[in-house]
Amino acid sequence: MRVGHIADQASRFALSPSPFALRPSPSPNGNGHGLTRQVIDRLRNAAKVRDLKGDLARVLGIPTSTLRARFHNIEHHRAHLASSFFVSPFERAALLSLDGFGDFISTMWGIGGGNSIKVLGQVEYPHSLGIVYTATTQFLGFPHYGDEGKVMGLAPYGRPRFIGQFRDIIRTEKKGQFRLNLDYFRHAMEGVDMIWNEGSPKIGRVFSDEYPRQFGAAREPNTQLTDRESDLAASLQLRLEEVAFHVLNHLHDETGLSDLGLSGGVAYNSVMNGKILLHTPFRRVFVQPAAGDSGTALGVCYQILSEVEGLRAKGQGLRAKGEEESADSFGQRSDDTSRLALCCLPFIGPEFTNEEILKELQMSNLRFHISDLESQSSSLRSHKSDRTSQSQDATFVKCSDYEITKRAARDIANGLIVGWFQGRMEFGPRALGNRSIVVDPRRAEMKDILNERIKKREPFRPFAPSILVEHVGAYFEQTHPAPTMLMVYQIKPERRPEIPAVTHVDGSGRLQTVSRDVNKRFYQLIEEFYKLTGVPVVLNTSFNENEPIVCTPRDAIDCFLKTRMDVLYIGNYAVRRK
């Protein structure tokens, strides 16, 4: 395979800070030099990674001149915008990237049409919604990267009695802008350290001493939660939504479009996402399934493709509402050949054949008694476990395509914990029916059982419902599709007692809508469960135990063996404990 293009997501132009970024900011102690120092440090770090071609040549041990691929620099937020437009179902859309920081920018919005994107506005360093959420998450005693989702889950347990302080922390301005009260944060004046530990960043303390002055002492990790923490989470979540809708309403005013593409780390806030149609004029929303920084790889590729292949329709400019070309006509094309092909998101990860799965089952550490419906048992060998503490017997059988979903649905309806490993792995943080653990949502006790036996999560965190798309209106107050589990809707009050294991304390659910054409086998599983129970919903959580989601058959088998999962459906094989 010949590699034609290589890119990173850092533009040399974006590395030049704005005049504001270089201007010392006022602070109570009069020391305004910290911001300039942070900008200089960022520029030094950027210079180290700018020579991508030279770095790659050194790693490969070859002369730079032998690298024939074209190298590209794509600015961070432009990559986010591209990732939410070029693979969306929209021909024209308003675009918004909400993030922590990337290339001195925290927020960028624009307009996409045909195969071009025009940037309309941005919010610059040091002002960031993501920074506020991270700082408050740390203050609440959740120190790890990605813990913001825990605070989102905690918020419905509280009431927003600190909303006044958070409106002071984040102040909205005209034309979709917002600014932070920097007295509450360390990143601008003092700087915040970030180190990488086993593939994940560890971020130093972001909040300043103003947080404890306003809210009391920071909570120590793993200590008892109180009403104060829940109320702080509720206040933070409410202010995030207020500011995000402020930006979005400005974006709609500027573009006049009803379709929205959303990306950036803040776009993982599914509670906010689920309210967009209620608080803005937008009518359709596409949230890129890997909305965070991992998704910029996708955006970079599609941005390069749009540029290199010359796919932009000739003569089609991008104009915002009120300019020469109206929002009703901008980006329209005279033919259908210039649009980039829709990617088959989110199922673009590796997949494995039944033959590959069978080999991994044969090499399992545990001893298997095998009963194969296709009389293949004579070719298999039994292996004793070298992990005697986990030694136990299990059986596996091979099922037909028709049988596999029927068997699994019956096990779920009977109250078993089912591991479900099928097809290509999902791209993004959500298990969407190919690397999932699936249980019966009708059983209220299932939440505690899952946490005790496998997930080990905080009890305030909800589990998600996956529902057949044609039944969404019967169970939820909103019906806009949510195929990537990035929307939270209210469950209809009369349906909440029917599916208590996936109903959060405020009556909401972070749903995944499942359609036959997107994920046929997972749809069939839920359909078979519906036939047995009359409920077109299952509880779907990621196939893992406090670790990355399983990717390979070996990952799935190991997770099954070390947890108290009841049965594993892996490809066309059903692995069951005796």
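Me: Which residue forms a salt bridge with aspartate 566?
Reply: Arginine 453, with the closest N and O atoms 2.9 Å apart. A salt bridge here is a side-chain nitrogen of Lys or Arg within 4 Å of a carboxyl oxygen of Asp or Glu. This is a predicted model: local features need pLDDT of at least 70, side-chain atom pairs count only at pLDDT 80 or more, and totals for chains, interfaces and linings use all residues. Residues are numbered from 1 along each chain as its sequence is written, and side-chain values use heavy atoms, leaving out hydrogens and water.

Me: Where do the two partners, aspartate 566 and arginine 453, sit?
Reply: Aspartate 566 is in the loop between helix 18 and strand 19, arginine 453 in helix 15 (residues 446–455). They are 113 residues apart, so the pair links distant parts of the chain. Helices (H or I, at least four residues) and strands (E, at least two) are DSSP runs, numbered from the N terminus.

Me: Is arginine 453 buried or exposed?
Reply: Buried, at 18% relative accessible area. The cut-offs: buried is under 20%, exposed over 50%, partly exposed in between (1.4 Å probe, protein chains only).

Me: How many salt bridges does the structure hold?
Reply: 30. One of them joins lysine 562 and glutamate 547, at 2.9 Å, N to O. Lysine 562 is in helix 18 and glutamate 547 in the loop between strand 18 (537–542) and helix 18, so the pair ties together parts 15 residues apart in sequence. Both are partly exposed, lysine 562 at 37% and glutamate 547 at 27%.

Me: Which residues do salt bridges with shared partners join into one network?
Reply: Asp147, Lys150, Glu458 and Arg461.

Me: Switching to helix 13. Which of its residues are buried?
Reply: Asn354, Ile357, Leu358, Leu361 and Gln362, in a helix that spans 354–362. Down the axis they fall within an arc of 140°, so they line one face. The arc is taken over directions from the helix axis to the C-beta atoms.

Me: What does the face turned away from that side carry?
Reply: The exposed residues Glu355 and Lys359.

Me: And what covers the buried residues of helix 13?
Reply: The cover includes strand 12 (394–398), helix 18 (553–562), strand 19 (567–570) and strand 20 (573–577). Contact means heavy atoms within 4.5 Å.

Me: Last one. What does phenylalanine 185 touch?
Reply: Ile131, Val132, Ala135, Ile169, Leu180, Val206, Ser208 and Tyr211, not counting residues up to four places away in sequence.
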